[in-house]
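Hi,

Here is the structure I promised to pass on. Have a look at it first, and then read my notes below with the model open next to you.

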Amino acid sequence: MQHCPIVALESTLITHGFAYPDNLHIALELEHVVRENSAQPATIAILDGKVRVGLTEAEIRLLAQAQNVRKCSTRDLGYVLGLGGHGSTTVAATIFLAARHNIRVMATGGIGGVHRGHPFDVSADLTELARTPITVVCAGPKALLDLELTLEHLETLGVPVIGYQTDTLPAFFARSSRLPVDVRVDTPEEVARIVRARREHALPGGELVCVPIPESEALSEDVAEAAIAEAQRRADAAGVRGAAATPFMLAEIARLTNGASVRANMALLRNNARVAAQIAHALHALPAL
Ligand code: PSU
Ligand code: MN
């Protein structure tokens, strides 16, 4: 049993989610927020072909400035581990590695899902969450996705979608998508009870805890939606597909909102890191199975 609860953090948001130096600042801030809430952060990445669970500040700096880092979902891990080089881990690859190091909670901004207009572009985040026992804290799937189809996939895969102090699925930059969540909880202890019951009864896979962005930092739904729609048009016109789609769209949305989306993204990440640390504590406090 770990002495201090650990919160895993992903590294794709450092290499592909934000531009330098925003990426460096937010990565260090997230570690700080986890520590402030009495948990230990573990940012996960592949450095020189080796799995690293917990990076030093120097290593985070290196990733934030490196040009040649491969965005690794689960299937890409083997390429970088086998052939060498640096890899940043998406939610899928991060939870795969975290769970194998007995880490029970991960924080991110928004998980991947089903892309709008591309119902076969389904993030491996969903399939990995369906088979990896870990609790992922996010602000909903990224709003640039098709949220309704993403929820349908999660249901098919048996992944619980838990609203944290909300009855509706948060829409990343905005507080609500108006789509209902399966269940609402209001405390970290309630999340821990659900997780523990699932483990006790050998239900497979993990849980998605969805936390709305803090009110003061949310984008208005109209502003967010207009930027997302335009970014999607640009992505389709440029023929951007697959793993490149999310980074391209996030950069376009940042330009279209004059940086407001970047500030909102940072705010929700900090908030999720805080809630994740609290959930890690609540899990830690329950008697071992
Ligand atoms: N959310 C963000 N920024 C990001 C991502 C999500 O605000 O960079 C990343 C996460 O690492 C997530 C990944 O796992 O995008 C999903 O990419 P894909 O759709 O290619 O699976
Ligand atoms: Mn995708």
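Predicted model: local features only at pLDDT ≥ 70, side-chain atom pairs only at ≥ 80, totals over all residues.

His115 is buried, because its relative accessible area is 7% and anything under 20% counts as buried. You'll find His115 in strand S7, which covers residues 114-115.

The shell around ligand 1 has two elements that give two or more residues to it: helix H1 (12-17) and helix H10 (245-256). H1 gives the most, with three residues.

So what is around ligand 1? There are 17 residues, and the ones that come nearest are Glu10, Lys71, Val91, Ser123 and Asp125. Sorted by type, the shell has five nonpolar, eight polar and four charged residues. The space that ligand 1 takes up is the largest pocket.

Zoom in on the oxygen atoms of the ligand and you can pick out some polar contacts:

- Ser123: a polar side-chain atom is 2.7 Å from an oxygen atom of ligand 1.
- Lys142: an N or O atom in the side chain is 3.3 Å from an oxygen atom of ligand 1.
- Asn265: a polar side-chain atom is 3.3 Å from an oxygen atom of ligand 1.

How much of ligand 1 does the protein bury? Taken alone, ligand 1 exposes 480 Å², and the protein buries 96% of that.

Next, a few spots in the backbone. Tyr20 and Pro21 are joined by a cis peptide bond, with omega at about 5°. Pro21 sits in the loop between H1 and helix H2 (22-36).

Two residues have a positive phi without being glycine. One is Asp48, with phi near 50°. Asp48 is in the loop that runs between strand S2 (40-47) and strand S3 (50-53). The other is Asn102, whose phi is about 60°. You'll see Asn102 in the loop between helix H5 (91-100) and strand S6 (105-107).

Are these two buried or exposed? Asp48 counts as exposed because its relative accessibility is 57%, and the cut-off for exposed is over 50%. Asn102 is exposed as well, with a relative accessible area of 57%.

Last stop: Pro141. This one is in a loop too, between strand S9 (135-138) and helix H7 (147-157). Pro141 is buried, because its relative accessible area is 1% and buried means under 20%. Pro141 and Ala171 are 30 residues apart in sequence, and from C-alpha to C-alpha they are 7.1 Å apart in space.

Cheers

Key
Residues numbered from 1 in each chain as written. Chains lettered and ligands numbered in written order. Heavy atoms only, no water. Near = heavy atom within 4 Å. Polar contact = N/O pair within 3.5 Å; in protein donor to acceptor, adjacent residues only side chain to side chain. Areas by Shrake-Rupley, 256 points an atom, 1.4 Å probe, with all protein chains shown as cover. 1 Å grid on protein atoms, 1.4 Å probe; cavity = no way out; pocket = protein on both sides within 12 Å on 5 of 7 lines; lining within 4 Å. Sits in = over half its atoms within 2 Å of the grid points. Helix = DSSP H or I, 4+ residues; strand = E, 2+ residues; numbered from the N terminus. Nonpolar A, V, L, I, M, F, W, Y, C, P; charged D, E, K, R; others polar. Buried < 20%, exposed > 50% of the residue type's maximum accessible area, 1.4 Å probe, protein only.
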